[in-house]
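Please read the points with the sequence and the model at hand.

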Amino acid sequence: MTASAGRRTPRADCTVGPDGGITFDLDRRREDGEAPELLLRLRGAKGTDGGTVRLPLSPLRDGRLRAVLPGAGESAEGRWDVYLREPGTDDDAAVAVEPGIRDLRLLIDRTPGAGPVAVRIPYPTLDGRLAVRCWLRAPHAEAGAVTFDGTGITVEGTLYGTDLGADAGVEVRQPGADGRVLRVPVTGQDGTFAFTLPLDRLADGAVTAQQLWTLWLVPGTADGERAGGVRISRILDDVWDRKKIFVYPGRSTGEGALATPCYSTDNDLCLRLEPEPAG
């Protein structure tokens, strides 16, 4: 129970609708007077109310309370923690909500419509609270199959919100202001794309420590100029953190380094370079 309210911690069941909206059903009964409200707070937001979304709670027939995050809205990209604010209290007294049943079936094999690609996935945090992971990408490059042969790593995917254009490519970028950039050609048609990272070009000199390179699809334009880069990620399903779920084998570059495709905690596709183990 919380000390402020003298009640057990609220719990919410979540259902994702066909439009991407989320329904929150709380195991809390409404009492007489002002109704409580659900707060979604953007983690790390400071100084503005733009980091808080307020959802009114309405009673259901079984006595529980329901709040709806509309699918038509576009939530800022990031992680939103879910809180319950009781009547007569300020925002600082709001209590964290625990996750109940999460019905995410409609997120699987989802095809986004026109406009920005907006994805919202309710999930349990490591310390047992309810949060919502949001992505907002325009345009968006959705990673698909990652395969290997003896000489390279091939990635296939789908591009939303733009076309490849002339002279499109993929850049593998080493972090840091002076980081190296490896550019490879990309092919595709009707919204698809594919590219191969040659293993023998990935390591330029000795790799003495682990490096995490980022992958960007860079569309071309009609006059052959390069447009801004599009981060290659995988967000169109029900997995909010695929870093430890999608694990790929490493491949030797032939230069004493091991190259391994991987995902970040934000579901961005990366390439990990590290010294190859002896033997």
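Which residues does Thr 52 touch, not counting residues up to four places away in sequence?

1. Thr 52 touches Leu 39, Leu 40, Arg 41 and Trp 80, where contact means heavy atoms within 4.5 Å. Thr 52 belongs to strand 4 (residues 52–56). With a relative accessibility of 19%, Thr 52 counts as buried; buried means under 20% relative accessible area, exposed over 50%, and partly exposed in between, with a 1.4 Å probe and protein chains only.

2. On the basis of the model: it is predicted, so that local features need pLDDT of at least 70 and side-chain atom pairs count only at pLDDT 80 or more, while totals for chains, interfaces and linings use all residues. Residues are numbered from 1 along each chain as its sequence is written, and side-chain values use heavy atoms, with hydrogens and water left out.

3. On the chain as a whole: the secondary structure comprises zero helices and 21 strands. Both are DSSP runs numbered from the N terminus, helices being H or I of at least four residues and strands E of at least two. The C-alpha trace spans about 70 × 45 × 35 Å along its principal axes. Of the 279 residues in the protein chain, 43% are buried. Among contacts between residues at least 6 apart in sequence, 60% join residues at least 24 apart.

4. On the nonpolar cores: a core is a set of buried Ala, Val, Leu, Ile, Met, Phe, Trp, Tyr and Cys residues joined through side-chain atoms within 4.5 Å. The largest has 31 residues, and Phe 24, Leu 38, Leu 40, Val 82 and Val 132 have the most contacts inside it. Elements giving two or more residues to this core include strand 2 (22–26), strand 3 (37–42) and strand 7 (78–85). Strand 11 supplies the largest share of this core, four residues. Apart from this core lies another, of 29 residues, among them Leu 164, Val 184, Leu 215 and Ala 259.

5. On Leu 40: leaving aside neighbours within four places in sequence, the residues in contact with Leu 40 include Thr 52, Val 53, Leu 69, Trp 80, Val 82 and Val 132.

6. On the open sheet: five strands take the order 5-6-2-1-9, with mixed pairing. Two strands pair if DSSP finds at least two bridges between them. Strand 5 (58–59) and strand 9 (98–103) stand at the edges with a single partner strand each, so one side of each has no neighbour in the sheet. Strand 1 (residues 11–16) pairs with strand 9 in the parallel sense over four bridges. Arg 11 has Glu 98, in strand 9, as its bridge partner.

7. On strand 16 (residues 192–198): side chains alternate along this strand. Strand 13 (residues 152–160) pairs with strand 16 in the antiparallel sense over seven bridges. In this pairing, Thr 154 stands opposite Thr 196.

8. On aromatic pairs: the structure holds four. Rings of Phe, Tyr and Trp (its six-membered ring) pair if their centres lie within 6.5 Å; planes under 30 degrees apart count as stacked, over 60 as edge-to-face and the rest as tilted. Phe 193 and Phe 195 are stacked, at 6.4 Å centre to centre and 10° between the planes. Phe 246 and Tyr 263 have ring centres 6.0 Å apart and planes at 85°, so this pair is edge-to-face. Phe 246 lies in the loop between strand 18 (230–233) and strand 19 (251–252) and Tyr 263 in strand 20 (residues 257–263), so the pair ties together parts 17 residues apart in sequence. Phe 246 is partly exposed at 23% relative accessibility, whereas Tyr 263 is buried at 2%.

9. On charges over rings: the criterion is NZ of Lys or CZ of Arg within 6 Å of the ring centre and within 35 degrees of the ring normal. Arg 41 lies over the face of Tyr 83, at 4.5 Å from the ring centre. The charged end of Arg 242 sits over the ring of Tyr 263, 5.5 Å from its centre.

10. On cysteines: the structure holds zero disulfides, a disulfide being a pair of cysteine sulfur atoms within 2.5 Å. For Cys 14, the nearest cysteine sulfur is that of Cys 134, 12 Å away, which is too far for a bond. Cys 14 is buried at 1% relative accessibility, and Cys 134 is buried with a relative accessible area of 1%.
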